[in-house]
Amino acid sequence: MPAMQQRKSNVVEQPQPSGLGHRLWRFLLILLPPAILLSRLAFLLNGNAYLDGDESLYGVMTLHVLQGKGLPILPYGQGYGVSVIETLIMAGYASLLGLTPTVMQLSMLSLWGPAMVFFALAVRRFAGDLAAVVSTALLILSPGWGHVSLASWGYNQTAFLATNISLWLIANLIHEDQRRPGPLLGLGIAVGMVSVTQPIYVLGLAPFLLLLVVCGRRFTDAFHFGVGFAVVAGLFILVRALGRVYWQPQLFDSPDVFAALWLIPQRLWVVL
């Protein structure tokens with residue numbers, strides 16, 4: 001009886017660990033949390049820290065959560081950008097340490113830090129130990145990420161975390177010949193969170209999602225991914241339709257855009 005021809009696998013081979021790279025990777029795992037914290041001490045210990053408009057709005061939302069006045073799913077005055085995760089984390093920190101600019105920055109770092117862990121794990125699966133160490137170190141020490149990693153600029157930290165979780169899941173899935181439903185559902189949920197928080201991040205994920213499709217085209221994969229994505233999208237639509245907003249800027253209550261411009265001096269006076 002002739003032997004059956006094996007189907008060619010599209011699974012991407014995982015990079016083999018090298019001696020130096022693997023030692024550096026283990027070193028990175030130990031130093032990653034203190035490196036993230038120490039590299040941001042200058043911002044956290046700055047007594048002259050100030051909040052911009054977005055951060056001030058998140059401070060107001062956090063205060064309303066602590067006072068039991070509401071649970072803002074979206075930032076006040078916006079119909080997009082799920083912010084409830086950042087607001088709840090900030091409220092948790094504020095309930096223990098008080099609501100100050102430093103506490104707000106520390107709470108956002110607690111989202112950015114885990115995002116960097118998933119980033120390092122994803123790069124390691126894609127390109128190996130040495131690439132993960134170098135890219136993670138460059139990102140942590142990059143001046144551009146210094147203040148951004150601490151800023152509550154409206155759902156960006158949640159989107160950054162969900163993006164790196166998505167990359168980590170994709171990196172694992174492309175190395176699997178038989179993909180499990182769990183990670184695919186998780187990927188759908190993670191990409192869904194990116195879509196309802198900061199949709200522009202989806203553009204960065206698109207090439208990796210395309211790679212996942214190229215490495216294995218199965219209807220069941222798309223189905224499990226779609227279920228996870230649909231759960232997030234459905235909840236977002238439901239909450240947006242039924243949610244009650246405690247405060248809404250008066251500027252957005254006027255149907256006449258030009259008439260609403262007359263409200264700007266009044267609102268500016270209130271903010272100041």
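The protein exposes about 15500 Å² of surface, and carbon and sulfur atoms supply 70% of that area. The model is a predicted one. Of its 272 residues, 37% count as buried. Among contacts between residues at least 6 apart in sequence, 73% join residues at least 24 apart.

Glycine 53 belongs to helix α3, which covers residues 53-66. With a relative accessible area of 56%, glycine 53 is exposed, because exposed means over 50%. Tryptophan 153 is 100 residues from glycine 53 in sequence, and their C-alpha atoms are 8.7 Å apart in space. The second pair is alanine 151 and leucine 51, which are also separated by 100 residues along the chain, with 8.7 Å between their C-alpha atoms.

Alanine 151 sits in the loop between α7 (144-148) and α8. Is alanine 151 buried or exposed? Its relative accessibility is 2%, and buried means under 20%, so alanine 151 counts as buried. Leaving out residues up to four places away in sequence, alanine 151 touches Glu55, Met108 and Gln157.

The next topic is the interior. In soluble globular proteins, nonpolar side chains tend to be buried together. The largest nonpolar core of this model has 25 residues, and those touching the most other members are Trp25, Ile36, Leu109, Trp112, Met116, Ile140 and Phe160. Which elements give two or more residues to this core? They are α1 (19-38), α5 (101-127), α6 (129-141) and α8. Of these, α5 gives the most, with 10 residues. Another core, of 15 residues, lies apart from the largest one, and its members include Leu184, Val194, Leu205 and Cys215.

When neighbours within four places in sequence are left aside, isoleucine 140 is in contact with Leu32, Ala35, Ile36, Ser39, Arg40, Trp112 and Met116.

Isoleucine 140 is also one of the buried residues of α6, together with Asp129, Ala132, Val133, Thr136 and Leu139.

The last stop is asparagine 172, in helix α8, which covers residues 156-173. Asparagine 172 has 19% relative accessibility, and the limit for buried is under 20%, so asparagine 172 counts as buried. What does the side chain of asparagine 172 make a polar contact with? Its partner is the side chain of arginine 125, at 3.0 Å. The side chain of asparagine 172 also reaches the backbone oxygen of tryptophan 168, at 2.7 Å.

Definitions and conventions
Residues numbered from 1 in each chain as written. Predicted model: local features only at pLDDT ≥ 70, side-chain atom pairs only at ≥ 80, totals over all residues. Heavy atoms only, no water. Helix = DSSP H or I, 4+ residues; strand = E, 2+ residues; numbered from the N terminus. Buried < 20%, exposed > 50% of the residue type's maximum accessible area, 1.4 Å probe, protein only. Polar contact = N/O pair within 3.5 Å; in protein donor to acceptor, adjacent residues only side chain to side chain. Core = buried A, V, L, I, M, F, W, Y, C linked by side-chain atoms within 4.5 Å. Contact = heavy atoms within 4.5 Å. Areas by Shrake-Rupley, 256 points an atom, 1.4 Å probe, with all protein chains shown as cover.
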